[in-house]
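Here are some notes to read with the model open beside you. Take the points in any order you like.

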Amino acid sequence: MLSRTADHLFWMARYTERAENTARMLDVHVQTALLPQSTDDAEQGWRAVLGISELLYGYSQKYDKLTQKDVIDFMVRDPNNPSSIASCLRQARENARAVRGALTTEAWEIQNATWIKMQSYLQTNALEQNPSDFFEWVKHRSHLSRGVTIGTMLEDEAFHFIRLGTFLERADNTARIIDVKFHGAKETQSQKQNGQSQSQSQSQSQSQSQAARDEAGQLDFYYWAAILRSVSGFEIYRKVYRDVITPERVAELLILRADMPRSLLACMGNVISNLHHVRNDVSADTERFAGKLHADLKFARIEEILEAGLHDTLTEFLERIFELGNRISRDFLVPLAA
């Protein structure tokens, strides 16, 4: 396969997956914004959404204040934001159009129809009236794209480059969600504990303290449940653990469970498989690099990861995923401009 064709297919899949991941994050934060919380907590939550995609600087260049409406507008329809949903779906469609002959009719029509519908969608006030419906639509279109690819395309190199792009993008996004969310939860919990310790007096009754702990526990439940829902993991968590939601188990599910579709281990397993199918004369070193990253996850234990530091582990993972993407580009795709 020509490297330019492989490049278009790879990035078509990455942009489609990125649009879905952005819709997932925004939808969860729209839902959690309805929970009782202070103005500072709400702002911190939306700041985390921008931080996941490394968009804080770009947002601050355009907006003076951080509000839900402006964040959604920036991450959904802003054409100058390359990571906005509109930009991602436009890039996915353009990459698909460039290699129309490598796709089935159904696969191309999904990409084209999604972009056309998106343009008409954003010309109305539907996003402002019910953003969750719009985010569900984006996720549904991404599901359609993947399903049509699997159901109609020959499993040749074109198919495997599409799948490679999907799982590389998904691994990157899942790691970012875990890192930012766990950091945010840790900071929020520390602030709450400090606030409670400063406000509690000797005259405070035991029943009042218990009520405060119960309320904090309920908020923690909704917080971690929201993280799981952002990666379609809430029902899976219930099936696997059948117990209360704890941060340690959430981390284990999203990092080390091979049977969890969006976990880091599952994504890397699929990256390894698709790399094997497209290997060439110069890709052996890239396969070894990816295999080591996969093995580090496969044989890790969550206790060891937490002891070493979750943030440090995920930061290293993101660096290695970025390097893996560069290696794949070097070995198979159009080389990046120097």
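How many disulfides does the structure hold?

1. Cysteines. The answer is zero disulfides. Keep in mind that this is a predicted model. Cys-88 has a relative accessibility of 0%, so it counts as buried. Cys-267 is buried too, because its relative accessibility is 0%.

2. Overall make-up. The protein chain has 16 helices and zero strands. Of its 338 residues, 49% are buried. If you take the contacts between residues at least 6 apart in sequence, 68% of them join residues at least 24 apart.

3. Helices α13 and α16. Two packed helices are described by the angle between their axes and the distance between the axes. For α13 (residues 264-278) and α16 (residues 310-332), the angle is about 15° and the axes lie 13 Å apart. The two helices are therefore roughly parallel to each other, as angles under 35 degrees count as such. Their crossing is left-handed. On the α13 side, the residues in the contact are Leu-264, Met-268, Val-271, Leu-275 and Val-278. They meet Leu-314, Phe-317, Ile-321, Leu-324, Ile-328 and Phe-332 of α16. Sorted by class, this contact has eleven nonpolar residues, with no polar and no charged ones.

4. Helices α5 and α6. Here the axes of α5 (residues 85-98) and α6 (residues 105-122) come within 9 Å and cross at roughly 150°. This crossing is left-handed. From α5, the contact uses Ile-85, Ala-86, Leu-89, Arg-90, Ala-92, Arg-93, Ala-96 and Arg-97. From α6 come Trp-108, Gln-111, Asn-112, Thr-114, Trp-115, Met-118 and Leu-122.

5. His-8. This histidine sits in helix α1 (residues 3-32). Is His-8 buried or exposed? It counts as buried, because its relative accessibility is 18% and the cut-off for buried is under 20%. Leaving out residues up to four places away in sequence, His-8 touches Asn-95, Ala-98 and Val-99.

6. Ser-232. Most residues other than glycine have a negative phi. For Ser-232, however, phi is positive, near 55°. You will find this serine in the loop between α10 (206-230) and α11 (234-241). Its relative accessible area is 41%, so Ser-232 is partly exposed.

7. Arg-242. This is another residue other than glycine with a positive phi, with a value near 50°. Where is Arg-242 found? Look in the loop between α11 and α12 (247-256). Arg-242 counts as exposed, because its relative accessibility is 71%.

Conventions: Residues are numbered from 1 along each chain as its sequence is written. This is a predicted model: local features need pLDDT of at least 70, side-chain atom pairs count only at pLDDT 80 or more; totals for chains, interfaces and linings use all residues. Side-chain values use heavy atoms; hydrogens and water are left out. Axes are lines fitted to C-alpha atoms, for helices over the stretch in contact, and angles run from 0 to 180 degrees between N-to-C directions. Helices (H or I, at least four residues) and strands (E, at least two) are DSSP runs, numbered from the N terminus. Angles under 35 degrees count as roughly parallel, over 145 as roughly antiparallel, 65 to 115 as roughly perpendicular and the rest as oblique. A crossing is left-handed if the near helix is turned anticlockwise from the far one by less than a right angle, and right-handed if clockwise. Contact means heavy atoms within 4.5 Å. Ala, Val, Leu, Ile, Met, Phe, Trp, Tyr, Cys and Pro count as nonpolar, Asp, Glu, Lys and Arg as charged, and the others, Gly among them, as polar. A disulfide is a pair of cysteine sulfur atoms within 2.5 Å. Buried means under 20% relative accessible area, exposed over 50%, partly exposed in between (1.4 Å probe, protein chains only).
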